[in-house]
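Please keep the sequence and the model in view while reading.

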Amino acid sequence: METILSVFVPIHREGHKFVGVFAVITFLLFLTGIDFLVFVGVVLTAWCAYFFRDPERVTPNREGLVIAPADGVVQSVKDSVPPVELDMGSETCTRVTIFMNVFDVHVNRVPVDGKIVRQAYTPGKYLNASLEKACEDNERHAIMMETTSGNNIAFVQIAGLVARRILCWAEDGNEMKAGERFGLIRFGSRVDVYLPKGVNSLVAVGQRAIAGETVIANEKGREKQRDGEIR
């Protein structure tokens with residue numbers, strides 16, 4: 001049974017209607033008797049199911065860890081001012097950008113234990129999400145959380161060239177755990193994480209991140225490192 005579940009990953013509920021539409025289209029193509037069209041329909045249906053897959057993840061539960069909110073490649077690690085719409089001030093902090101292509105899992109997960117204190121949706125363009133200016137020009141949904149350590153952290157879902165819909169079902173005041181699902185972006189995009197001030201990233205550009213599992217920072221990393229362990 002475990003082997004079967006490891007191969008057939010559950011599909012997120014947001015994807016059921018899309019998979020159903022593709023399946024119906026494939027059936028109609030089957031009625032045409034044109035093998036090539038049927039093949040195309042099957043491939044597209046399978047890809048749609050694959051896109052909306054929602055695998056279980058094992059999240060590290062050590063206090064202070066910041067976990068990747070998205071699957072994908074770490075595109076940049078740089079100092080940046082948090083989104084103005086979150087009113088977090090003009091002081092820079094470390095921003096980790098994770099870019100998701102159309103083959104990555106697109107279910108997003110909360111990076112830390114804490115409470116959601118502010119959210120802001122900003123309409124915008126659909127530029128290539130890998131562009132630096134996408135964080136300011138593209139459609140986005142920004143969230144600020146207060147961590148259990150009392151720090152503020154922000155993470156932003158950003159629409160891309162293909163992505164046309166940002167979904168977020170978290171609400172202000174929600175107490176959430178690192179690794180909990182909070183949203184989804186349809187068809188290619190990115191998520192930026194603005195770490196608490198003074199906290200450095202533990203990932204490198206080009207590294208692959210796994211939502212809910214990869215540690216990207218440690219809130220307690222500002223303290224001295226002793227015996228090879230960050231305290």
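A contact is counted here when heavy atoms lie within 4.5 Å. By that criterion, and leaving aside residues up to four places away in sequence, Pro 111 touches Leu 65, Val 66, Ile 67, Phe 155 and Ala 178. The model is a predicted one, in which local features need pLDDT of at least 70 and side-chain atom pairs count only at pLDDT 80 or more, whereas totals for chains, interfaces and linings use all residues. Residues are numbered from 1 along each chain as its sequence is written, and side-chain values use heavy atoms, with hydrogens and water left out.

Pro 111 sits in the loop between β4 (107-109) and β5 (114-122), strands being DSSP runs of E with at least two residues and helices runs of H or I with at least four, numbered from the N terminus. With a relative accessible area of 0%, Pro 111 is buried (under 20%; exposed is over 50%, partly exposed in between, with a 1.4 Å probe and protein chains only).

The largest pocket holds about 200 Å³ of space, a volume being the space filled by probe spheres set on grid points joined across faces, edges and corners. A pocket is an open set of points on a 1 Å grid over the protein atoms alone, where a 1.4 Å probe fits, with protein on both sides within 12 Å along at least five of seven lines, and lining residues have an atom within 4 Å of a point. The lining divides by class as follows.

| Class | Lining residues |
|---|---|
| Nonpolar (Ala, Val, Leu, Ile, Met, Phe, Trp, Tyr, Cys, Pro) | eight residues |
| Polar (the others, Gly among them) | one residue |

Just after helix α2, Gly 33 takes a positive phi of about 80°.
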